[in-house]
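Hello,

Here is the structure to be handed over. My notes on it follow below.

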Amino acid sequence: MSAILEAKDLHLSFKGVKALAGVGFHVVEGEFFAVIGPNGAGKTTLLNVLSGVYEPDKGQVLFRGQNLRGKSPQARARMGLGRTFQGLEIFRGMSVLDNVKLGAELALPTYPPALPKAEREWRLRAWAEEVLDYLHLSPFRHAPAGMLPYGLQKRVEVARALAGRPKLLLLDEPMAGLSLEEKQDLARFLLDAREEWGITLLWVEHDLRAVLELSDRVLVLSYGEVLYHGPPHEVRKDPKVVEAYLGHG
Ligand SMILES: Nc1ncnc2c1ncn2[C@@H]1O[C@H](COP(=O)(O)OP(=O)(O)OP(=O)(O)O)[C@@H](O)[C@H]1O
Ligand SMILES: [Mg+2]
């Protein structure tokens, strides 16, 4: 098993606040990798650095062996590094299908070979429909995305990210605000996507029960530092993690 992502000694400060203070870890191809930690630990900042929203002050990110320094978020997405956002990033006025087609554009290289416009449109649509079907969103394909209940909007965002055929998908609290049933549905879709499309998953999550049930390995951050990096069943026993995050309850 080889590392699909390696982060080495990442540092990033915002006006004196050290959001990341020497974060290093790796993600193995095919795994479900969780990042947890208290509010303000640096989890979203880490995703922003991995996806190219910010460049780190120091350190590097290697994705499939390639150094990502200087590469834009778009370039990273084309290389197979997809993401979803904390909160929701969909185009509310656009149909569900059009939202997912936007994601699918990433997966359809324009060059080479350039496809005739009609064929390109047909292929985009066919792939977007397949993803919608996969996530049980087909019945809503023509609805404006913003009209759907929150749980389904969240699923549209995941569908759009999956439509870009990422090799590694970064998810920032995908389960926040979902009901237990919606969480279970989303977990199943993600695990199926991993099996069927070979996608590696890195998710930031507050729902510890879900993390411990689903993840292969866990990274715990606190104040921008790594407290723990290893299998989920041992994280509860780690004294530093208990102290900083889990508490003694
Ligand atoms: N753009 C920014 N400008 C200034 N400070 C920032 C910025 N982004 C993050 N920070 C600070 O960096 C630290 C880490 O924030 P981050 O959003 O990464 O935490 P988080 O672990 O995702 O928290 P949460 O669980 O609440 O989402 C916090 O102190 C935050 O205030
Ligand atoms: Mg966050």
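The model is a predicted one. F189 sits in helix α6, which covers residues 180-197. With 18 other C-beta atoms within 10 Å, F189 counts as partly exposed, because a buried residue would need 20 or more and an exposed one 12 or fewer. R155 is 34 residues away from F189 along the chain, and the C-alpha atoms of the two are 9.5 Å apart.

Twelve residues from domain 1 and eleven residues from domain 2 make up the contact. On the side of domain 1 that touches domain 2, α2 (73-78) and α6 each supply at least two residues. The most comes from α6, with four residues. By type, that side of domain 1 has eight nonpolar, two polar and two charged residues.

**Ligand 1**

The shell around ligand 1 consists of F14, V17, A19, G37, N39, G40, A41, G42, K43, T44, T45 and Q86. Of these residues, four are nonpolar, seven polar and one charged. Both β2 (17-28) and α1 (43-51) supply at least two residues of the shell. The largest share, three residues, is that of α1.

Regards

How values were computed: Residues are numbered from 1 along each chain as its sequence is written. Chains are lettered from A and ligands numbered from 1 in the order in which they are written. This is a predicted model: local features need pLDDT of at least 70, side-chain atom pairs count only at pLDDT 80 or more; totals for chains, interfaces and linings use all residues. A residue is near a molecule or strand if its C-beta atom, placed from the backbone, lies within 6 Å of it. Ala, Val, Leu, Ile, Met, Phe, Trp, Tyr, Cys and Pro count as nonpolar, Asp, Glu, Lys and Arg as charged, and the others, Gly among them, as polar. Two residues are in contact if their C-beta atoms, placed from the backbone, lie within 7 Å.
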